[in-house]
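User: Please take one part of this model and walk me through it closely. I would like to know how its side chains are packed and what lies around them.

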Amino acid sequence: AGGYQWTNKTKTIQGEVVDSKQAAYDMGFEMIKDYQSKSSAQLRDEFKSSFDIVDRQSFSITNAKVTVDEFLQDNGQIAYQPILNVKYEYRMREPGNR
């Protein structure tokens, strides 16, 4: 395998707070499309830990889903926020292989 192993991780990204549930889902869908359209290099720049030695071309989104957080603000108004959970994978160099 050339000293690399596949690594799977998840990242949670919060969208902007909006005033309707539909607007939050619409924003979440746009967030999904944005992440799915990114290149491996763009995903690497966003997700990589500075401590990992990775295969730069191996980043890919394996799953993405949006939930909407509904909450009461301090002004008494109900607000909604899209929460994007992105599962992604990449190849990372195994420890001891330099």
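Analyst: Happy to! A residue is called buried when its relative accessible area is under 20%, exposed when it is over 50% and partly exposed in between (1.4 Å probe, protein chains only). Helices (H or I, at least four residues) and strands (E, at least two) are DSSP runs, numbered from the N terminus. This is a predicted model, in which local features need pLDDT of at least 70 and side-chain atom pairs count only at pLDDT 80 or more, while totals for chains, interfaces and linings use all residues. Residues are numbered from 1 along each chain as its sequence is written, and side-chain values use heavy atoms, with hydrogens and water left out.

Let's zoom in on helix α2. Its buried residues are Ser40, Leu43, Arg44 and Phe47. The background is simple: an α-helix has 3.6 residues a turn, so residues three or four places apart point the same way. The buried residues of α2 pack against β1, α1, β2 and β3.

Arg44 belongs to helix α2 and counts as buried because its relative accessible area is 13%. Setting aside neighbours within four places in sequence, Arg44 is in contact (heavy atoms within 4.5 Å) with Val54, Arg56 and Phe59.

Ser39 is partly exposed, because its relative accessibility is 34%. Although Ser39 and Ser58 are 19 residues apart in sequence, their C-alpha atoms are 9.8 Å apart in space.

A nonpolar core here is a set of buried Ala, Val, Leu, Ile, Met, Phe, Trp, Tyr and Cys residues joined through side-chain atoms within 4.5 Å. The largest one has 14 residues, of which Ile13, Tyr35, Phe47, Phe59, Leu84 and Tyr90 touch the most other members. Two or more residues each come from α1 (21-36), α2 (40-47) and β3 (78-93). Strand β3 gives the largest share, five residues. In soluble globular proteins, nonpolar side chains tend to be buried together.

Phe47 also leads us to the rings. Tyr35, Phe47, Phe59, Tyr88 and Tyr90 make up one aromatic cluster. The structure holds four aromatic pairs (rings of Phe, Tyr and Trp, the latter by its six-membered ring, with centres within 6.5 Å; planes under 30 degrees apart count as stacked, over 60 as edge-to-face and the rest as tilted). One of them joins Phe59 and Tyr90, which are stacked at 4.5 Å centre to centre with 10° between the planes. Because Phe59 lies in the loop between α2 and β2 (60-72) and Tyr90 in strand β3, this pair ties together parts that are 31 residues apart in sequence. Phe59 is buried, with a relative accessible area of 4%, and Tyr90 is buried at 1% relative accessibility. Tyr90 also pairs with Tyr88, again stacked, at 6.1 Å centre to centre and 15° between the planes. Tyr88, too, is buried.

The charged end of Lys38 sits over the Tyr35 ring, 4.6 Å from its centre (the term asks for NZ of Lys or CZ of Arg within 6 Å of the ring centre and within 35 degrees of the ring normal).

Helix α1 is one of the partners of α2. In α1, the buried residues are Ala24, Gly28, Met31, Ile32 and Tyr35. They too lie on the same side of their helix, because their arc around the axis is only 100°. The buried residues of α1 pack against β1 (4-14), α2, β2 and β3.

Stepping back, the chain has two helices and three strands, in the order β-α-α-β-β along the sequence. Of its 98 residues, 33% count as buried. Among contacts with a separation of 6 or more, 66% join residues 24 or more positions apart.

Note on methods
Arc of directions from axis to C-beta.
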